[in-house]
Amino acid sequence: MPARAPALLTLIAAVALAAPALAQPTPGPARSPWTDTEAAIAALVAPIDAQLAACVPGRTRTIGVTVTTARDGTARAGLPLSYLGYRGPTPADRCLGDVVGSLTVPPLPPGLAQLSFAYTIGAPPPADPAWTAWRDPVATIAAAAAADRAALAACTPAARTLRVTVDTRRGRTRAWLPAWPYHAADGSGTTPPALRRVKACHAKVVRAWSLPRLPATLGELQVVLPDR
């Protein structure tokens, strides 16, 4: 038996070399951090909280942050200054805008075009049970639309992509359609009569959606949704 051991080992090695290598698992696409939007917002603002506080020393201030997708597909954060009116941005506003604008923002997932949120500088985000239903905004809105896909498709024979806005008005979470996706292609800012009928049909379906309450710190959402 000892004399045969080398031959046996040689045979085992040859079989091992001839055997096909086991296929390695292919990693799937990385999960977007925005599928847990509450955690994504917390991770986004935590590193800059001290910088924001330095812009408004000795004061408590809540700011609004808007995250949008740029033409190159990257996401960017900005501080909306529309509330300033004719007064213009103060030095504190410019400081806050520069800090927010310096953020490196993870790309928004397909279907989520924009989101806005409120953040109180120097204060931990309040616990809000409404986040349970809105951790993944795209999934939440798609679930609301699922039962109405046939009704949306019946509005027009040609497939369209809807840009749905979700916000809170008078304490109620609502979904509605902006007018600009239905404007004429000539850039006139007008809606042709045929598209007015399509928009009215889409809007009637979308307005009827029953959506869970938005979290108090989550502002306007803009979601891109196919109509069929």
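This is a predicted model: local features need pLDDT of at least 70, side-chain atom pairs count only at pLDDT 80 or more; totals for chains, interfaces and linings use all residues.
1. Six strands make up an open sheet, ordered E2-E1-E3-E6-E4-E5, with antiparallel pairing. Its edges are strand E2 (75–78) and strand E5 (172–176), each of which pairs on one side only. On average, neighbouring strands of this sheet are turned by 20° against each other, direction ignored.

2. The pairing of E1 and E3. Strand E1 (residues 62–69) pairs with E3 over seven bridges, in the antiparallel sense. Within this pairing, Val65 is placed opposite Phe117 of E3.

3. Helices on the sheet. H2 packs on the sheet and touches E1 and E3; the direction of H2 makes about 60° with that of E3. Helix H6 (residues 137–146) also packs on the sheet, where its contacts are E3, strand E4 (161–169) and strand E6 (218–226). The direction of H6 makes about 60° with that of E6.

4. The largest pocket. Its volume is about 220 Å³. The lining comprises 15 residues, and those nearest the centre are Ala118, Tyr119, Pro125, Pro126 and Thr217. Helix H2 (37–45) and strand E3 (112–120) are the elements that give two or more residues to this lining. E3 gives the most, with four residues.

5. By class, the residues lining the largest pocket are eleven nonpolar, three polar and one charged.

6. E3 pairs with E1, is touched by H2 and by H6, and gives four residues to the lining of the largest pocket.

Terms used: Residues are numbered from 1 along each chain as its sequence is written. Side-chain values use heavy atoms; hydrogens and water are left out. On a 1 Å grid over the protein atoms alone, a cavity is a set of points where a 1.4 Å probe fits but cannot get out, and a pocket is an open set with protein on both sides within 12 Å along at least five of seven lines; lining residues have an atom within 4 Å of a point. Grid points are joined across faces, edges and corners, and a volume is the space filled by probe spheres set on the points. Ala, Val, Leu, Ile, Met, Phe, Trp, Tyr, Cys and Pro count as nonpolar, Asp, Glu, Lys and Arg as charged, and the others, Gly among them, as polar. Two strands pair if DSSP finds at least two bridges between them. Axes are lines fitted to C-alpha atoms, for helices over the stretch in contact, and angles run from 0 to 180 degrees between N-to-C directions. Contact means heavy atoms within 4.5 Å.
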